Amino acid sequence: MVKRSHPPKSAPLKRDVDLPLVSRPITPPDPRQGRIPFDLMPERIEPCLALLAQKAPAGDQWQYEIKWDGYRLAIHVELNGIRIITRGGHTWTDRFPHIAAAARSFSPRTLILDGEAVVLDEQGRSDFSALQKALGGRGGKRSAGEAVFIAFDLLYLDGHDLTKFGQHERRQMLEDLLADRDGAIKFSETIEADGEELLKQACALGLEGIIAKHDDRPYRSGRTGDWLKIKCVQSDSFVIVGYEPSTSMPGAIARLLLAAMKDGKLVYVGSVGTGFKHAQARDLKSLLDGMKTDRPAIAKKGKTLVFVRPEFTAEIEYRGWTDDAKLRHASFKGLRDKVDAKSIFTLEGPSASE
């Protein structure tokens with residue numbers, strides 16, 4: 001008779017509830033495997049600024065966009081909400097509710113958009129005066145519901161810092177991000193054209209000018225020359241340091257005294273006496289009369305001049321500079337909000353070239 005083999009009896013499971021659970025040791029990562037870096041979203045990125053140029057640069061390495069006339073902003077789409085930040089680092093989310101609402105539609109993605117808040121006229125041109133009016137004027141608390149955000153750069157996307165990428169790579173990602181979107185956030189189109197010819201067309205259409213950007217440069221903060229601005233009519237922000245009363249219209253100003261920054265100090269760059277209507281001339285005098293000072297911010301004398309604390313900034317159009325660094329053919333466009341002081345024009349030499 002053949003004896004059948006029997007399977008060995010299994011031992012009972014031994015365990016001790018008092019012993020700690022111990023997992024296997026973690027295997028160190030294989031150094032041959034690639035790792036995707038993760039970049040924390042920065043609190044703020046100092047903006048890249050366009051350097052003023054007298055003519056459009058030539059060459060395939062430059063791409064062109066329209067120059068928009070509004071408020072430079074950065075939109076941060078974060079996991080816990082939306083932040084809209086001015087060029088000077090102030091939070092203006094509540095002043096652009098429609099733009100903020102449009103930005104929320106990107107969530108749960110995280111990103112930083114660089115661009116300009118503008119109000120467009122019937123011809124699609126940006127109108128700074130209309131934007132100021134929409135915000136309630138100088139120091140106004142109104143929200144600009146009719147404003148749109150023209151996005152021209154993408155600095156951060158889903159955990160990745162894009163500032164180290166070239167301009168053309170960032171633009172491609174931005175265009176893909178905004179594809180098929182319509183609303184308060186729009187893409188600033190790249191225009192394929194000869195720079196000088198494009199500038200002529202822009203000026204003929206009443207636009208402020210064009211922007212030229214070097215195609216393969218990373219995003220670098222400050223005025224590096226990677227971006228150039230070529231204007232039809234120059235427009236910049238200057239500090240109001242005083243005024244001259246009108247002799248023909250009681251209770252109004254005749255002209256504003258203006259200053260720019262140079263070597264960390266304010267210097268007088270001339271005056272502006274056109275561009276404001278009668279009601280504006282009176283409103284300006286009423287505003288500035290509450291800020292009179294006997295300690296002028298500039299070295300300027302005159303029996304009829306009234307000096308004020310340098311707290312407000314005016315947006316001024318002008319045709320150029322004199323040999324002694326004074327504005328030529330200046331015209332008043334409006335007051336900028338006093339919290340955005342970083343927009344003040346800076347003289348960088350004996351002449352007024354930026």
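Trainee: In β9, which residue is the bridge partner of W62?
Mentor: This is a predicted model: local features need pLDDT of at least 70, side-chain atom pairs count only at pLDDT 80 or more, and totals for chains, interfaces and linings use all residues. Residues are numbered from 1 along each chain as its sequence is written, and side-chain values use heavy atoms, with hydrogens and water left out. Helices (H or I, at least four residues) and strands (E, at least two) are DSSP runs, numbered from the N terminus. In β9, W62 has as its bridge partner H214.

Trainee: Which strands stand at the edges of the open sheet, each with a single partner strand?
Mentor: The sheet has four strands in the order β1-β10-β9-β2, with mixed pairing. Two strands pair if DSSP finds at least two bridges between them. One side of each edge strand is left without a neighbour in the sheet, because each has a single partner: these are β1 (51–52) and β2.

Trainee: How many bridges join β2 to β9?
Mentor: Strands of a sheet pair through backbone hydrogen bonds, either parallel or antiparallel. β2 and β9 run antiparallel, and the number of bridges joining them is five.

Trainee: What angle does the direction of α3 make with that of β2?
Mentor: α3 packs on the sheet, touching β2, β9 and β10. Contact means heavy atoms within 4.5 Å. Axes are lines fitted to C-alpha atoms, for helices over the stretch in contact, with angles from 0 to 180 degrees between N-to-C directions. For α3 and β2 the angle is about 45 degrees.

Trainee: And what angle does α4 make with β9?
Mentor: α4 also packs on the sheet, touching β2, β9 and β10.

Trainee: Within what arc do the buried residues of α4 fall?
Mentor: G195, L198, L199 and A202 are buried in α4 (195–204); buried means under 20% relative accessible area, exposed over 50%, partly exposed in between (1.4 Å probe, protein chains only). Seen down the helix axis, they line one face because their arc, taken from the directions from the axis to the C-beta atoms, is 100 degrees.

Trainee: Which residues are exposed on the other side of α4?
Mentor: The buried residues have cover that includes β2 (62–66), β9 (209–214) and β10 (227–231). On the other side, the exposed residues are K200 and A204.

Trainee: Which residue caps the N-terminal end of α4?
Mentor: Look for a side-chain oxygen 3.3 Å from the backbone nitrogen of E196. That oxygen belongs to D194.

Trainee: How many bridges join β5 to β6?
Mentor: β5 is mostly covered, with eight of its eight residues buried. E116 stands opposite I150 in β6. The two strands run antiparallel, and their bridges number eight.

Trainee: With which side chain does the side chain of S235 make a polar contact?
Mentor: S235 is in β11 (234–245) and counts as buried because its relative accessibility is 4%. A polar contact is a pair of N or O atoms within 3.5 Å; within protein, one must be able to donate a hydrogen and the other to accept it, and residues adjacent in sequence count only if both atoms are side-chain atoms. At 2.8 Å, the partner is E315.
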